[in-house]
Amino acid sequence: MRHTSRFVHIAAFLVFCQTAWAAGAGSSVAEDVDQLMPLSLLELINLPVVTASRQLETRDQTPSHILVFTREQIRERRYNNLADLLEDLPGVDFMRGTKSSAFNNLTVQGHSGPNKLLVMMDGVRIGNPAGGNFPIAENFALYPARQVEVLFGPAAALYGADAVAGVVNIITDQGDGTMDSWVSLGSGAFGNTETSFMTGTRTENGLALSLGGHWQRADRAPLNNFYPGDFPRKDAATFGGLVLVPAAKREAYVGGISSYSLFARLDLDKQVSAGFYRNVFRSLTSTGDKPETALYLEDARWITQTDTLYAKYRFDPGADVSAELALDYALQTVDPASRYFNIYTGFANGFEYTRGERLALEQNLNWRVSTQHRVQAGLGVQKYAAIEAHTLPSPYDTTKDAADQGLLYPNTTLPLAIHEASYSNVSAYGQVQSDWNAQWSTMAGVRVDRHSSYGTSVNPRLGAVWRANPQHVFKALYAEAFRAPSPEESLSSFGSFDGTTTTAGLYRGTGFRVANLDLEPETSKTLSLTWDWRPAHDVNLVANAFHSRIKNLIVTLPSTAVNAIAGAELINPESKGNAGEQTQTGLDLMARYQFRLNRAWSGDLWGSASWINGKINEGDGIDWALGFVASQKYKLGATLRYLDKISVTPQLLWIGDTSNGRKKDKNLPPDRLETPGYTVVNLHLGWHKLLGGKTTLWLELHNLFDTRYYAAHGAGSRTFFDMPQQPRSWMLSLDHRF
């Protein structure tokens, strides 16, 4: 029955596209009508990118598999934020509203979690500055983006730690770009409101300033009304069975989110750039939890704020040498008011506070040795500091040092341990790119990182490009990468005490995870093969095959540190350790067709098909199926335009059964439980050139057919394995340019 429903949705999508095509073919318009068209496929292929090699080049010049999305594509496809864009990418499994802290989860070509994806803006890191997970949701709004570049596969040879699954680089306008001012106002179903703006000014002496921001809030659907079987009213009881809130008095489900961001960029000619970027995201700490596990409270929130400040100075030391000196500082904090209120805190307040910061200085050089050879090199130093404080009985006092908080573990007289650390890294990289002739080019690079905590990491990258003819481009890339242990993995310590003691007078602690300061980096090796085929000027087909092996995987293991807390005995504690190994092999196919039916009607069709297979050893010596991946997934989209007046963009996601974090039977490997697959269709309508040609009206319809479907979630019995997703919703937005 589920598969029948999927095919009905796919058929409806294809019928819509065929109907729109027929409507366009039957239309006529005067020959002098001006048609506003996006970039042609050839122009898109030749669009300069910078992320693959830290220098401007075209897609055909780099052995990396890279996709580029222009401002026009972002706007028409309604990629309002980075989550929307990533969800539509080949090889990406995106699971919305499943995590209590990061909110969304994602897997990129088998690599699970935001901590394996490097997110940058204009080449500056804007994710978690100390490493680790962070929310990729409405907080990363794309209003300042001129284009977004997505690099698949390891890039540690250029960018260092955490560039394992790939790199996302949000490129904004430089001082010579557009300085239009605009504002967007939107409102929709389930209390969804959103506002964004951009403005700028430029002076005659080459000084340019760009400013922007966004604010968003959504109550989101009351899922207990749409999935009543998944949200029964149950007692809120402690692990000991004490009922604190009886089922008859349980609250209704709530799942609201909110976010805002601020963007500023200052350019002086092309020599100096400085910028500031802040994003804030708020979600409920009950996200992903079953009714018996947590209370759904509006004020039990996880609040993340990330600030990034940077400056760049560009100069030319020689005739064929260009250089850039870059300084950046980033700070991410979880607001001290963030708190859990669930079974693990005894249905009492469990406050959270984390702080991670990075200060980095890097000198980069680009030397054109000859018409055939180019060299990139750089030296850098980074300093980090982190604090991890969990399950606190009262909010963390940010005016005091971690050691001076004076807090006790609840139900004990034991001082509560708060872990902090500071560390540094020195890096050097070099890369040589050679164009041997019109058909062949190669790339070889290596980066060395010397970390004060875990020593030296060496990561090479080798690639080649064969441009057999204008229609066929073949690429091969081998790359290694590493993911540094994050503070949340090495420093986090949490659990609960019920006040009881052992015969030796030690407080008995349960559910504890203890810190492990001896973690080492995960290491990754990936081979990628890409075939870029242009059978016609308006058709582009791309195939990317990849194989990855990850060693030293950081996993949760049993710990022998039963006396890690003085005065306590911990029952079956756990800690993070390097014991796992993972391999995966996959294939992503992508297609794009750009057409013009006549002078009035034009459009784009795009789609992808992805397959992946892999296994993971989580330290138990058993090869389990990968978690949080669908072995096959298909994504389709189309944009149909009538002149520059109307645009219609349907999108379809066909996601196969997805493995979640729960093993089907620990004694019968390798299968995991699977979340049922689904098909979801979205539809975006745009009316352009309104109110004197300066206004656009957008109608976005998400989950058009009101499908009930689930996202794969956690491994524990206290969380949803299959997290219910949002029903049909709509958003009406008005964009106005000044």
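Trp440, Trp466, Phe474, Trp531 and Trp533 form one aromatic cluster in this predicted model, where local features need pLDDT of at least 70, side-chain atom pairs count only at pLDDT 80 or more, and totals for chains, interfaces and linings use all residues. Residues are numbered from 1 along each chain as its sequence is written, and side-chain values use heavy atoms, with hydrogens and water left out.

The structure holds 26 aromatic pairs, where rings of Phe, Tyr and Trp (its six-membered ring) pair if their centres lie within 6.5 Å, and planes under 30 degrees apart count as stacked, over 60 as edge-to-face and the rest as tilted. Two of the stacked pairs are set out below.

| Pair | Centre to centre | Angle between planes |
|---|---|---|
| Tyrosine 353 and tyrosine 396 | 4.3 Å | 15° |
| Phenylalanine 474 and tryptophan 531 | 6.0 Å | 10° |

Phenylalanine 474 lies in strand E24 (residues 472-483) and tryptophan 531 in strand E27 (residues 522-536), so this pair ties together parts that are 57 residues apart in sequence; strands (E, at least two residues) are DSSP runs, numbered from the N terminus. Phenylalanine 474 is partly exposed at 30% relative accessibility, and tryptophan 531 is also partly exposed, at 34%, whereas tyrosine 353 is buried at 5% and tyrosine 396 is buried at 6%. Here buried means under 20% relative accessible area, exposed over 50%, and partly exposed in between (1.4 Å probe, protein chains only).

Charges also sit over rings, which requires NZ of Lys or CZ of Arg within 6 Å of the ring centre and within 35 degrees of the ring normal. Lysine 290 lies over the face of phenylalanine 721, at 5.2 Å from the ring centre, and arginine 708 over that of tyrosine 227, at 5.9 Å.

Technical notes
Helix = DSSP H or I, 4+ residues; strand = E, 2+ residues; numbered from the N terminus.
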